[in-house]
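Q: Please take a close look at one kind of contact in this structure, the pairing of oppositely charged side chains. Where do the partners lie, and how are they placed in the fold?

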Amino acid sequence: MKKILLCIFSLFILTTAIHAQNANRTKFIADSLQAYVSRALTNWRVPGTAVCIIKDNRIVLVKGFGVKELGLNNKVDENTRFMIGSNTKAFTATAIAMLAAEKKLSLNDKVTKYLPDFKLDNKAATELLTVRDLLCHRLGFQTFQGDFTFYNTNLTRSEVMSKMALIKAPYGFRTTWGYTNSAFLTAGEIIPKVTDQNWDIYLKEKIFAPLGMSNTLGLSVAMPKAFNRSAGHTITDNRLIAIPYANLDNMAPAGAISSTAVDMGKWVMALLNNGKVGNKQVIPEAAIAATRQPQDIVGTSEHLDGTKNFQLYGLGWFLEDYHNHRLVMHDGGVNGFVSSVTLVPEENLGIVILTNTDQNNLYEALRWEILDAYFKLPYRNYSDAYLKEYKSYTTEQIAADKKLRDTVARNPRAELSLSYYEGKFTNPLYGTVNIERGDNNDLNMRFEHHPKMYARLQPLGGNRFYVTFSDPVLGKAIFPFTVQNGKVTGFKLKVADFVEMGAYDFKRQ
């Protein structure tokens, strides 16, 4: 689902000059890819990856590298399952576009035609909102807004959609692009209203099965019991660790699919072949065209060679020009995994990269490396360039965290007795959290919609607390508390940008 982004860190480096190779660039795939990936896995601390490259209706390469789980000798192969995160969105958008091509709905239908109880905070937006709007991130929300409440929580799909009415959109409806996972959930929930089939069943019957994607799973609940699955990993306290699979099924149409390099190759090959598998038209050509039609301006993308291009969004796909080649692409990130899918329709080229950590830019670097090879552009060693920037960023983060830990170690006193910070606090969107005394000089926080998670709060002095979440994906934070007339009235909650960029104001109940 996440995120986007996209990339966990948007690393575009404009300073490193790297000389072009004189050799035939197309030989990079056959001669150098194995060594390149093997070295990059070590440098990026990625246990495993799987790659598929399609060119001219032929699989050029499909291969696994590394291991499924850190510390175990279980090698990744081409049929190993990875969670694909927001690369799920292209499936959801294509499914909706298929229904539109079959005249079972229109992309310009009002959402309330199918979900009459659906509401946004803005009444006019509620009345104008179309199916198309849901699929191109133009509700006026900030990127990832609401995701801490929705993502990996115990809320149902209907509860998530109800809570969307509580989100205060910072932008005008249709004025500003903002990546909205809950909008894709809402779009997916239109499918059963039209077909009498749940989103995952419809995808299985209309896309997965006809394309032969027999190892692809629509729901995250199936991943822990699946055969030949990769474990997800993250880095916390500079340690690479395996982590549990996220529970994403309340947001499934935005990011719950798990798949393999082979299966994703079949998906990409069908899209490059205008929806055909052999002589059979599995996906209507009109549906594919609809998803690639630009709907919004995202911004400007910058590349290692200094070129800049507009980045647009279609329906479930990012669209951009790169050295006079039109790219149709998306990244995906969920707990423990990031991935990328890239199509170059005019070149009949497709690239799938799946990785099993959520803190790497190898998936992005490798995409550009392969594209440059096919486009006969100079070799730039994106992996090393991105890694240099990543290490600089993480060094700063580690130093900042150490400073906070050193402060905690000095055992500073909070402004008030810790008992004053205990109690229940509420946020209109999220709900309730409960703070109680923990061990030694700290507090514990429990979350209404994250029942398996807790956070440890340690005084930094004054009314600020250093916060460590039991779920490392949420990162570390500083929670400032508000005190009025000697009483604690609330605090501000912040989690990692990977989950949500904005902060939540909680008030004492």
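A: Arginine 174 is partly exposed, with a relative accessible area of 37%, whereas aspartate 133 counts as buried at 0% relative accessibility. Here buried means under 20% relative accessible area, exposed over 50%, and partly exposed in between, computed with a 1.4 Å probe on protein chains only. The model is a predicted one, in which local features need pLDDT of at least 70 and side-chain atom pairs count only at pLDDT 80 or more, while totals for chains, interfaces and linings use all residues. Residues are numbered from 1 along each chain as its sequence is written, and side-chain values use heavy atoms, with hydrogens and water left out.

These two residues form a salt bridge, their closest N and O atoms being 2.8 Å apart. Arginine 174 lies in the loop between α6 (157–163) and α7 (181–188) and aspartate 133 in helix α4 (residues 131–134), so the pair ties together parts that are 41 residues apart in sequence. A salt bridge is a side-chain nitrogen of Lys or Arg within 4 Å of a carboxyl oxygen of Asp or Glu. Helices (H or I, at least four residues) and strands (E, at least two) are DSSP runs, numbered from the N terminus. Side chains of opposite charge can pair when their charged atoms come close.

A second pair joins lysine 492 to aspartate 505, with 2.7 Å between the closest N and O atoms. Lysine 492 belongs to strand β21 and aspartate 505 to strand β22 (residues 504–508), so that distant parts of the chain, 13 residues apart, are linked. Both residues are partly exposed: lysine 492 has a relative accessible area of 36%, and aspartate 505 has 39%. Their strands belong to a barrel closed by eight antiparallel strands in the order β15-β16-β17-β18-β19-β20-β21-β22. Two strands pair if DSSP finds at least two bridges between them; four such bridges join β20 (residues 476–484) to β21 (residues 487–493).

Aspartate 56 is partly exposed at 47%, but lysine 55 is buried at 17%. Lysine 55 also stands opposite leucine 349 in β14. Strand β1 (residues 48–55) runs antiparallel to β14 (residues 349–355), and seven bridges join the two.

The structure holds 20 salt bridges. Asp237, Asp401, Arg405 and Lys476 are linked in a network of them.
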